[in-house]
Amino acid sequence: RRRVQEASQQLTEIINSCLGSEPSAESLEPGGDMDLEAEEESAPHCLWVDKFSPRRYIELLSDDYTNRCLLKWLKLWDTVVFGKDKAVKKGKPSTAAHPRFNHPKEQPNKWKTKVQLTEEILEAELDQHKRPKYKVALLCGPPGLGKTTLAHVIARHAGYNAVEMNASDDRSPEVFKTRIEAATQMKSVLGASEKPNCLIIDEIDGAPAASINVLLNIVNRKDVAGEGVTGAGRRQRNEGGLLLRPIICICNDQ
């Protein structure tokens, strides 16, 4: 055991020296370096799979198309969460202005690719509460693919505080509902930052049917403020019941 510990310490020092000699890439997250350095200092003897796991978006090795789609969906929540206006995509110049370049061979293809269809879904208009059309994202794949790591990195990159819960642990629908509402409606009081929460539900395929119905009721909950409501307090309570935070579900078997 002593020899194994010495060999492990030597390898760790070699890896740290190699990483320290390489130029570090600039982080895309404002103020993200301080948090990552604090995490590394607080856990000097953690496992290698945790110590060298991706911490930034540019360090992800998973499918780039999936990463960009999930990030784009998460950024659709900026209007209701952060109060930012949705970015308006500039329209392409009309072909009527250049009729001499409009040849039959240059006509657009009527069949749309998977990328184009996904882009159209993500470019859909927001609902009346400034929320995206699809309230929940589902990541599926075999174990070890990096689904949970992707969810945490994307949430942190978009400015959220990632809150993870395991759906297979909370078998009671009441506990499941309480944890979802606490993560999506309350602010984070632990830690220095007061970032909004992004709920990550792992092993959603292991949750009972009653818990799935609870999740669907929360997602499809309607706001009845303005329909026979007279007091401002009643309106605030109704709006508080709406789902105003993104939810990312993870499963192995779709």
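A residue is called buried when its relative accessible area is under 20%, exposed when over 50%, and partly exposed in between, using a 1.4 Å probe and protein chains only. At 0% relative accessibility, Ile154 counts as buried. This is a predicted model, in which local features need pLDDT of at least 70, side-chain atom pairs count only at pLDDT 80 or more, and totals for chains, interfaces and linings use all residues. Residues are numbered from 1 along each chain as its sequence is written, and side-chain values use heavy atoms, with hydrogens and water left out.

**Helices and strands**

- Helices (H or I, at least four residues) and strands (E, at least two) are DSSP runs, numbered from the N terminus.
- Ile154 sits in helix H7, residues 147–157.
- The C-alpha atoms of Ile154 and Arg56 are separated by 8.2 Å, with the two residues 98 apart along the chain.

- Strand S3 is largely enclosed by the rest of the structure, because 6 of its 6 residues are buried.
- In a regular strand, side chains alternate between the two faces of the sheet.
- Both faces of S3 are covered, with Asn197, Leu199 and Ile201 buried on one side and Cys198, Ile200 and Asp202 buried on the other.
- Two strands count as paired if DSSP finds at least two bridges between them.
- Strand S2 (residues 161–166) runs parallel to S3 and is joined to it by 6 bridges; Asn166 stands opposite Asp202 in S3.
- Strand S4 (residues 247–251) also runs parallel to S3, with 3 bridges between them; Cys249 in S4 is the bridge partner of Ile201.

**Salt bridges**

- A salt bridge is a side-chain nitrogen of Lys or Arg within 4 Å of a carboxyl oxygen of Asp or Glu, and the structure holds 4 of them.
- Side chains of opposite charge can pair when their charged atoms come close.
- Arg2 is exposed because its relative accessible area is 56%, whereas Glu6, at 41%, is partly exposed.
- Asp78 and Lys75 meet in a salt bridge of 2.9 Å, N to O.
- Asp78 is buried at 7% relative accessibility, while Lys75 is partly exposed at 38%.
- Arg221 pairs with Glu181, the closest N and O atoms being 3.4 Å apart.
- This pair links distant parts of the chain, 40 residues apart: Arg221 is in the loop between H9 and helix H10 (232–240), and Glu181 is in helix H8 (residues 173–185).

**Surface patches**

- Patches are made of residues with over 30% relative accessible area and no salt bridge; like charges are joined within 9 Å, and nonpolar side chains (Val, Leu, Ile, Met, Phe, Trp, Tyr) within 5 Å.
- Accessible areas come from the Shrake-Rupley method with a 1.4 Å probe, and for residues only the protein chains shown count as cover.
- Trp48 belongs to helix H3, residues 48–51, and is partly exposed, with a relative accessible area of 38%.
- Asp169, Glu203, Asp205 and Asp253 gather in a surface patch of negative charge.
- For charge, Lys and Arg count as positive and Asp and Glu as negative, while His and the chain ends are not counted; the place of a charge is NZ of Lys, CZ of Arg, CG of Asp or CD of Glu.
- Asp205 is in the loop between strand S3 (197–202) and helix H9 (209–219), and is partly exposed at 37% relative accessibility.
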